[in-house]
Amino acid sequence: MNNNNNNQWETSSVTSPSNSIPMKTYRNTANNQTGGNGSAANSGSVVEDEENLRRVLRNNQRKKVLPISISLGLLIACLTLFISVPVCTVVVVFLEQNRLSAFKERVTQIAITAELSIQRQIEVSFSSLVTMTETVRNWGFNVTWAKNDDLCSRLAKIYPEIDTFEICPGAYIDYVYPLAGKESIVGVRMGVAREQQRIMDKSIAEKTTNLYGPVSLIEGGIAVMAMNPVFYDNGTWWGFTVELFLFEDLFNKIDLHTTMSQYQYQLYDYGSGRTFLENMNGSKGFKNTIKTNVTASPFSDYVERNMTVLNGNWKIKVKPLSGWDQDSILWVEILVAIIIIVVIFILAILAVHQLVQDHFRKKEYQFIQNKLEVKVKERTKELANSHSQLLVLLERISAEEQRTKKIINSIEDGIVTVTVEESPKILHCNTAFYRIFGFSDVDVINGRVALLNIIPSINLLAEQKKELNDAILEVKGFTKLGKEVHLKVSLTFIKMFTKELDTSNIKNYKVTEDVQKQETACVLLIHNNTDRSKLLKDLKEKEQLYSQLKERMEFQEMFDNHEKRSEFKEFCRKEHNLENILFLEDIQLYKSLGNIQERVNMQQEMFDKYIRLDAEFQLNISQEDLQIYSFKISKGLGEIELFDGLEKIVVESIIHNSYKRWREVKQRSEENTHFL
């Protein structure tokens, strides 16, 4: 062989700060001294020139590129800093305003909750005024202290938040509950205060319940008075029913202290222009106070809600106990903004530096690439020759593969190649495989056919461990339509390439590691034994029918022989199983009767003797069969074939039980006699 054509390729690379460019240098290893030495000398000089070129370019880059990239980076970084600082400031302010707005919205919801709770509880509590009014009318406006105490004591249990109940005929406080500590107001006329008189007049004119207050009580506390006018049936005003409740009892009733525990709050009355209740420390109690100078209150920067209770117009003011900045994370937002600005500043410097480096690096690579193009063209000519040889080889392999497929497809038995794993995958199969199982090539290509679905009993992993190549198994399989087939399968384990080569683009094809890897596969030669198995099954069934027919004929022969039947009856009597043979004898007599009336009479006798639930000789068969034929026979009219079905069941029972044991006993007796 001529060594001048023994060419090899080796790979070197040009390394830069960010990339590496592969370079192929051609080395001729021929033993021809003239050609070999000349090529080696040229190759060595090219590599040396390339190294010198890279070294000079790298030194120039360090001297010029680095100062330029740093200067431009600082300039761009300052511009980004000039833009990012205002933007981050706006974002921080926006986030803080959103937080404060959301916080105020939550506090507003707390105020709404307090408003609705107070409003609902006052309306519920003062609904008892209607009860008092209707009771006074039911009394015929004849009120006594006993009636007052009885009524108000029951209402006090239902509405414990109400402090005082009053019944005031003609606007005079005549009845009070509870009376203790309030004796001084009995007999006092209502409406001494001008505002109270105005509300009383309004209630009488409009015939509605109205509030008066809030007012400070002598015994302490802030209360609200509800007045409901009472009228005679003719519409003439009679007086008032009055209730007072303390705000402290109201707050305890609706547990408003818990809701408002983290907040400062005030209640303000628009009618009197006064703040009448406040809590500045979030404790369970509060300060009962009437403030006429609202502007002098230290309570500021709050959220407020207006509320209307009957004729009262109030306002609730709420503010967080720890102020509006308690959930603020402003310092965290500022810190994050500073970090973002610093990161943007650094990234700007690095990005500009990288862009400048890439610009000069591209120029360097372009220069080197131009040098390499000449050598690449030379090598391309040699590769073209090698490529044409490879195509010829692939064409020959393809032709051989087509010939092999034709041979395999001509075989009558199915041939299928599968992977050896827990769920084997079908790799190849012939046309006989499709014919046996009813599948098409589309089913196999799309993965709709699994080996375990058509031959579920086969276990390739277990067979592989036995290390028995060319093992033969007889198994059951199933076609595409689910039909069972009997198969004879031969297993052969081989090593093969399971990854197929993609030759559609041979110029750019690369041989990867997984394509070169060989894996264990199994070739199954499948022979269809279904016809033979069907014949064996039919033969077995016919043998069983012959055996049954033979037993029935032997039994019938015994039954027709009077001497043998008597011997068998004696055997059944000893086994306490005489009813079945007696039934067969009566059937024989029944069928011999020619007169239908006689058969009807005997039918009833046999029903009572053998079939009825408490029959003396009830047949020794299943209760289900007895129930079925009991109804049928009881409705019969002496038909000759009436007992045929039951007769068949009894005969089968005798043959497989009593008659079988009788024959065994008789056979043993004959054997003993023969032995003696």
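Predicted model: local features only at pLDDT ≥ 70, side-chain atom pairs only at ≥ 80, totals over all residues.
Buried means under 20% relative accessible area, exposed means over 50%, and anything in between is partly exposed, using a 1.4 Å probe and protein chains only. Residues are numbered from 1 along each chain as its sequence is written, and side-chain values use heavy atoms, with hydrogens and water left out.

**The chain overall**
- The protein chain has 19 helices and 17 strands; helices (H or I, at least four residues) and strands (E, at least two) are DSSP runs, numbered from the N terminus.
- Of its 676 residues, 35% count as buried.
- Taking contacts (heavy atoms within 4.5 Å) with a separation of 6 or more, 58% are between residues 24 or more positions apart.

**Nonpolar cores**
- A nonpolar core is a set of buried Ala, Val, Leu, Ile, Met, Phe, Trp, Tyr and Cys residues joined through side-chain atoms within 4.5 Å.
- The largest one holds 46 residues, and Ile-118, Phe-247, Trp-314 and Val-318 touch the most other members.
- Helix 1 (residues 33-125) gives the most to this core, with seven residues.
- Another core lies apart from it, with 33 residues that include Ile-587, Leu-646, Val-650 and Trp-662.

**Helix 2 and helix 3**
- Helix 2 (residues 128-138) and helix 3 (residues 145-158) pack with axes 11 Å apart, at an angle of about 160°; axes are lines fitted to C-alpha atoms, for helices over the stretch in contact, and angles run from 0 to 180 degrees between N-to-C directions.
- The two are therefore roughly antiparallel, since angles over 145 degrees get that label, under 35 is roughly parallel, 65 to 115 is roughly perpendicular and the rest are oblique.
- On the helix 2 side, the contact is made by Ser-128, Thr-131, Met-132 and Thr-135, and on the helix 3 side by Leu-151, Cys-152 and Leu-155.
- Phe-141 sits in the loop between these two helices, and its phi is near 60°, a positive value in a residue other than glycine.

**Helix 16 and helix 17**
- Helix 16 (residues 596-611) and helix 17 (residues 623-634) have axes that come within 11 Å and cross at roughly 160°.
- That makes helix 16 roughly antiparallel to helix 17.
- Helix 16 brings Gln-603, Phe-607, Tyr-610 and Ile-611 to the contact, and helix 17 brings Leu-626, Ser-630, Ile-633 and Ser-634.

**Leu-582**
- Leu-582 belongs to helix 15 (residues 579-592) and is buried, with a relative accessible area of 15%.
- Not counting residues up to four places away in sequence, Leu-582 touches Lys-569, Tyr-610 and Phe-617.
- Leu-582 and Tyr-610 are 28 residues apart in sequence and 9.3 Å apart in space, C-alpha to C-alpha.

**Around helix 4**
- Ser-203, in helix 4 (residues 194-206), counts as buried at 0% relative accessibility.
- Neighbours within four places in sequence aside, Ser-203 is in contact with Thr-208, Asn-210, Met-227, Pro-229 and Phe-240.
- Lys-207 lies in the loop between helix 4 and strand 5 (210-216), and Lys-207 is exposed, with a relative accessible area of 53%.
- The phi of Lys-207 is near 55°, a positive value in a residue other than glycine.
- A cis peptide bond joins Tyr-177 and Pro-178, with omega about -5°; Pro-178 lies in the loop between strand 4 (175-177) and helix 4.
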